[in-house]
Amino acid sequence: MRKNNGFISIEDLKNYDSVYREPIIGTYKGYKIISMGPPSSGGVLIVQMLNMLENFDVESMKRNSTEFVHLLTEIQRLAYADRATHLGDPDFWENPIAMLTSKEYATERLGLISMKNATPSIEIAHGTWNNKESMETTHYSVMDKAGNVAGITTTINLSYGNKKIVDGAGFFLNNEMDDFSSKPGVPNSFGLVGNEANSIEPGKRPLSSMTPTIVLKNKKPFLILGSPGGSRIITSVLQALLNITIHNMSLKEAVSLPRVHSQWLPDAVYFEENSLNDDVKELLIDNGHTILPFSYIGNVNAILINENGYTGYGDPRGENTAKGY
Ligand code: DON
């Protein structure tokens, strides 16, 4: 080092330690893949690219055919664009491993490429990682090995509650006063109006919309679900529940398919993107409804217990996940 004017000193070498890192674990068509995590990008990218490939009938493609090389190039482009922005030494940088290695993210990224033409790399950016804590209420559904179930919704109402933190205690005070009807006909932050029944009085609790719900079938737990979303909690839970009980959907579809919402006042039907087709929108307007787009309605986290066993599903609208231990 000294002879070649290098920068590394004997202290640098003494200060260097090897560190144990968690491996990256994924699956590909029934195989389990175990590989190296950051500070290598290898494991993350291998799992990410295999997740993308799982969406294609790769078996039917001839190795190194045009189709195969095109596909590899396109998915590698997507993965390396993420590598450039999202990955680095985890002692210095928060690596969004869960996002990059999830099957949902892989499928979503594939929307950017086509199987016909090369996508210019300049048009491909890294995916966005929403690492901000949600401003929302939280709902979780749980079941233990004995089959006991619970649905829990908890909230301090709006983002950071009343924005006052309790010194030294580490938590915010809520602003649940907004759930009261402050004056007849005056909407709260969710546009809900109320009257005497929900007026502010000493010792009175405000009217919530939280809907932690357990559905029994033949006296046994069948569906456990709930959601954040203020006034939209109730309608989100209703639609997910109907999707299972009436429309016979899988839990994934029941939770993730686009929803609609209305709440008497404001007098409107709110709809998520792709929830209603153009014919339906036109007919609703013809029928006298006011329809308005809405970014997202609810965030349902649910467990379904049926003849196929247990399924858990976290709403892709937010930072939700399902876990089994
Ligand atoms: O109890 C209620 O109905 C409200 N405090 C819930 C607020 C809420 O869900 C905020 N998050 N989106």
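**Loops, ligand and sheet**

Modeller: Proline 39 lies in the loop between β2 (31–35) and α2 (42–53). Helices (H or I, at least four residues) and strands (E, at least two) are DSSP runs, numbered from the N terminus. This is a predicted model, in which local features need pLDDT of at least 70, side-chain atom pairs count only at pLDDT 80 or more, and totals for chains, interfaces and linings use all residues. Residues are numbered from 1 along each chain as its sequence is written, and side-chain values use heavy atoms, with hydrogens and water left out.

Biologist: Is the peptide bond that joins proline 38 and proline 39 cis or trans, and what is omega?

Modeller: Most peptide bonds are trans. The bond between proline 38 and proline 39 is cis. Its omega is about 15 degrees.

Biologist: What is omega for the peptide bond from leucine 265 to proline 266?

Modeller: Proline 266 is placed in the loop between β7 and β8. The bond from leucine 265 is cis, and omega is near -5 degrees.

Biologist: What is the phi of asparagine 5?

Modeller: Asparagine 5 belongs to the segment before α1 (10–15). Most residues other than glycine have a negative phi. Asparagine 5 is not a glycine, yet its phi is positive, at about 55 degrees.

Biologist: How far is a polar side-chain atom of aspartate 179 from a nitrogen atom of the ligand?

Modeller: A polar contact is a pair of N or O atoms within 3.5 Å; within protein, one must be able to donate a hydrogen and the other to accept it, and residues adjacent in sequence count only if both atoms are side-chain atoms. Glutamate 136 places a polar side-chain atom 3.0 Å from a ligand nitrogen. For asparagine 157, a side-chain N or O atom is 2.7 Å from a nitrogen of the ligand. For aspartate 179 the distance to a ligand nitrogen is 2.7 Å.

Biologist: How much of the area that the ligand exposes when taken alone does the protein bury?

Modeller: Accessible areas come from the Shrake-Rupley method with a 1.4 Å probe; for residues, only the protein chains shown count as cover. Taken alone, the ligand exposes 340 Å². The protein buries 98% of that.
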